[in-house]
Amino acid sequence: MVQGRTVSQVGNGPSPCSITSMKGAVVLLIEILPNTCDFCGCCVGVCPEDAIELEEAHIEIIEERCTNCAKCVWVCPFEVFVFHAPGKCKEVV
Amino acid sequence: MRDLWDVIVVGAGPAGSTVARIAASHGASVLLLEKDRDVGVPVRCGEAVSNRSLERIVEIDERWIAATIRRFRLVSPGGYVVEPDIGGFGYVLERRIFDYDLARLATEAGAHVRTKCYVNALIEGDHGWSGVRYSSNGKQLEARARIIVGADGVESRVGKWAGIDTTTHLRDMETCAQMTLSNVDLEDDVCEFHFGNNVAPMGYLWVFPKGHGVANVGVGISGMASKKKHALRFLEEFVSKRFPQSSALTTIAGGVPCAPTLDTLVRNNVVLVGDAAHQVNPMTGGGITSGMLAAQIAGEVIADSLKRDDLAILNDYPKRWNKDHGAKHRTYHRMKTAVYKFPDETLDEIATNVLALKEDKRTIWGVFKVALRHHPSLVWEMVKTFGLS
């Protein structure tokens, strides 16, 4: 199983905009706010890339698959996801 | 631990437990895997069903019933209240007990249940997939089967792994928040439905009584509407105004795929049922009995396929489902899409027109007929589906 990494797991490091991918892959712009998810599966249902692992009480974005489409951000009933718009970061690939 | 089965069912909701029960009762060896530690918990559901739909599938146990519903109360955006005759009655269930019992009935029929088993992949085989990989208590395990059933709910990942596009379009995903409130003053036989852009855009808000001053109060809105304001916000606003004295015993999130049934329900030896197959009634968002009905068909077809050792028989399941229910659901979906576009003023107008009808004409069908005047193309859909004019 491919293990993903959420921005929230990056900790208090640089903002998502400044996280640059070493491989030129899409940089994850979606953050899961800690301790807010109810694990309902709504986001998994709309995710076109199968990029979310959701166990009984654990949620994780599979960074390698996520395309930042933000459907999870919009659909979540509890506002668990935050989309960090690239803003002035021009180098997001 | 035995790990070779005729059937593995992923997900022990009502559809998963029903397909397991039916297949096992026909002699199949069935393993039912549930990711949560407890079947039936948490309850992500308004819990309302019609008695007629439920009693067609399973013998009803009175312990499952929290309240018996005899009236609907539809509240328009401007506050017009319509109480159509529902021509029967319904129940608000105790899903904790209901789901538990359905899993128990599956085990009594011979199925084996394992909880805390998170399925994370299918294992490729010579003819489709030979089993599933799952994690349980920190261990990565495998189980093999001739047929794999995805009853994994709104997430519907088993289907994706089998090559079926199960993704729900954002517009069709009803994103829901519900509180089970105590200390509410309600009539115990009335289900309320509230409509309007300020209450539940592209969806509705429900108040379903459960007896003893308890009610499920929830909001379901389209994922498109949720872009601006999320479901929980709508719910909190309504509850603070309408039930300021209440306490929330449970606050829960959920997603309901209010879409037409998937075009592909069977691929090789993988079969999808319930929410995972988009078998929810797209108009009402009710998925308990329609999922169980599909599961009943799937269970019978799977048993037949195993007995005759012919996977091609599995294709009888989509044929039987689509003939009646699948076709209706496609129409309901078109109707829902049309009703979504009604502005609040139209909904108020429909309500006032219904109120102008004689009391004996104020049926659910009467409400529809009035609504149809606002969208004449719906008439043809109704005629095709119900043979009515």
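Predicted model: local features only at pLDDT ≥ 70, side-chain atom pairs only at ≥ 80, totals over all residues.
**Select the contact residues.** On one side are 23 residues of domain 2 of chain B, in contact with 13 residues of domain 3 of chain B. Between them, the two domains bury about 1300 Å², and carbon and sulfur atoms account for 67% of that area. Next, pick Pro77(B), Tyr80(B) and Val82(B). These residues supply 34% of the area that domain 2 of chain B buries against domain 3 of chain B, more than any other three residues.

**Go to the salt bridge.** Show the side chains of Asp172(B) and Lys336(B), which meet in a salt bridge with an N to O distance of 3.0 Å. The count between domain 2 and domain 3 of chain B is 1 salt bridge. For polar contacts, look for 7 residue pairs across this interface, with both residues of each pair at pLDDT 80 or more.

**Finish on the domain 2 face.** Select strands E5 (71-75), E6 (81-82), E13 (190-196) and E14 (200-211) of chain B; each supplies at least two residues of the side of domain 2 that touches domain 3. Colour the residues of that side by class: 10 are nonpolar, 8 polar and 5 charged.

Terms used: Residues numbered from 1 in each chain as written. Chains lettered and ligands numbered in written order. Heavy atoms only, no water. Contact = heavy atoms within 4.5 Å. Buried area = accessible area lost by both parts, 1.4 Å probe. Salt bridge = Lys/Arg side-chain N within 4 Å of Asp/Glu carboxyl O. Polar contact = N/O pair within 3.5 Å; in protein donor to acceptor, adjacent residues only side chain to side chain. Helix = DSSP H or I, 4+ residues; strand = E, 2+ residues; numbered from the N terminus. Nonpolar A, V, L, I, M, F, W, Y, C, P; charged D, E, K, R; others polar.
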